[in-house]
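User: I'd like to go through this structure and ask what stands behind each label. Can we take it a few residues and strands at a time?

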Amino acid sequence: MPLNPMQVTPFPTAAGIEAAHRLIAPYIHRTPVYTNQTLSVIAGAELFFKTENFQKIGAFKARGALNAVLSLSAAERKHGVVAHSSGNHAQGVAYAAQTVGIPAYLVMPHQSPQVKIAGVRAYGAQVTFCENTAEDRQRAADEIAFRTGASFIHPFNNDQVITGQATAARELIRQTDTMLDYILCPVGGGGLLSGTALSAAYFSPGTRVIGAEPEGAADAVLSFHAGSICKAPYINTIADGLLTTLGPKTFAIIRQHVSDILTVSDAEIISAMRLIWERMKIIVEPSGAVPLAVALRYKERFQGKKVGIILTGGNVDLGKLPF
């Protein structure tokens, strides 16, 4: 699918990211940045972990959802919001809607993790189930928007969402006493990766941003090298939060500001996830462990470097652990 210039707006600005952070700051956690000597020794690099698994709703998605919802006009808020997501964006939109006291309608695939479905419902949102295809998700969301007048909040191809997600890397850069050589960030639809790349470009120009992607959902790496948005040849990964394809907005930013996208196997993701659980004593979901898996697989690339790693979420079904 070639990039359509008519679908791409100017990139979010540094001032916009700072404004978004001020807007959402009362409703989010300023999550800590941890180091771990054992993991740094194993990786051969100095690792700095931005723990968005400790964020509101258990994932970074609260940032973009809050920025999008809080940016709506009073007239738009009156009708509520609608979104589609396999889990964390759905929880983020539900939380943001509850925060401002408006209805939320969430479209989720039947296969979504139960812990994420339960989280959405706990925030008072109405859940509609669909088949796990992009077409079915969007069709169901469009029907709800038409029926209710709710504002649609795309999980990644949305300027306010991208700008909100960018605040995580902005915080990481501020919280790290030394300049990072790299930031490793998971990529699904690209909202976090594109936002991270913008924050690095604006606030730490010497820091290179690399996307981290499962081999079983390798659309972003194909798109990155092809110069146009591509679909993955097959979908089969434990990282359920990274199954979506890039959007025109995220792809345009990634093409310009991301240095590379590297892939890892599910076995490597599970191994990295287990290391984080055992060595750092914190819970991360498979998608959040993908950047560490990249740091370990491509050790020679990061040898002796200072590497920021965004642990994107910790919403795990404890009854279905992969180890």
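Analyst: The side chains of asparagine 315 and asparagine 88 make a polar contact at 2.8 Å. This is a predicted model, where local features need pLDDT of at least 70 and side-chain atom pairs count only at pLDDT 80 or more, while totals for chains, interfaces and linings use all residues. Residues are numbered from 1 along each chain as its sequence is written, and side-chain values use heavy atoms, with hydrogens and water left out.

User: What makes the pair asparagine 315 and asparagine 88 a polar contact?

Analyst: A polar contact is a pair of N or O atoms within 3.5 Å; within protein, one must be able to donate a hydrogen and the other to accept it, and residues adjacent in sequence count only if both atoms are side-chain atoms. The asparagine 315 to asparagine 88 pair sits at 2.8 Å, so it qualifies.

User: And why is asparagine 315 called buried?

Analyst: Its relative accessible area is 14%. Buried means under 20%, exposed over 50% and partly exposed in between (1.4 Å probe, protein chains only), so asparagine 315 counts as buried. The residue is in the segment after strand S10 (306-311); strands are DSSP runs of E, at least two residues, and helices are runs of H or I, at least four, numbered from the N terminus. Asparagine 315 touches, among others, Ile57, Gly58, Gln91 and Glu285 (contact: heavy atoms within 4.5 Å), leaving out residues up to four places away in sequence.

User: How do you know that threonine 51 is buried?

Analyst: Threonine 51 has 0% relative accessibility, hence the label. Its place is in strand S2 (residues 46-51), and its contacts include Tyr34, Ile282 and Leu311.

User: Why does glutamate 213 have no salt bridge?

Analyst: A salt bridge needs a side-chain nitrogen of Lys or Arg within 4 Å of a carboxyl oxygen of Asp or Glu. For buried glutamate 213, the nearest side chain of opposite charge is arginine 297, 11 Å away, with Lys and Arg counted as positive, Asp and Glu as negative, and His and the chain ends left out. Glutamate 213, in strand S8 (residues 208-214), does have a polar side-chain atom 2.9 Å from the backbone nitrogen of valine 221.

User: How do you know that S1 and S2 pair?

Analyst: Two strands pair if DSSP finds at least two bridges between them. S1 and S2 have two, in the antiparallel sense, so they pair. Valine 33 has lysine 50 in S2 as its bridge partner.

User: What makes S1 an edge strand?

Analyst: The open sheet runs S1-S2-S10-S7-S8-S9 with mixed pairing. Strand S1 (33-34) and strand S9 (260-264) each have a single partner strand, so one side of each lacks a neighbour in the sheet.

User: What makes the crossover from S4 to S5 right-handed?

Analyst: Strand S4 (residues 104-109) and strand S5 (residues 126-130) pair parallel over five bridges. The chain goes from S4 through helix H6 (residues 114-122) to S5 in a right-handed β-α-β crossover. The term means that, with the strands pointing away from the viewer, the path from the first strand over the helix to the second runs clockwise.
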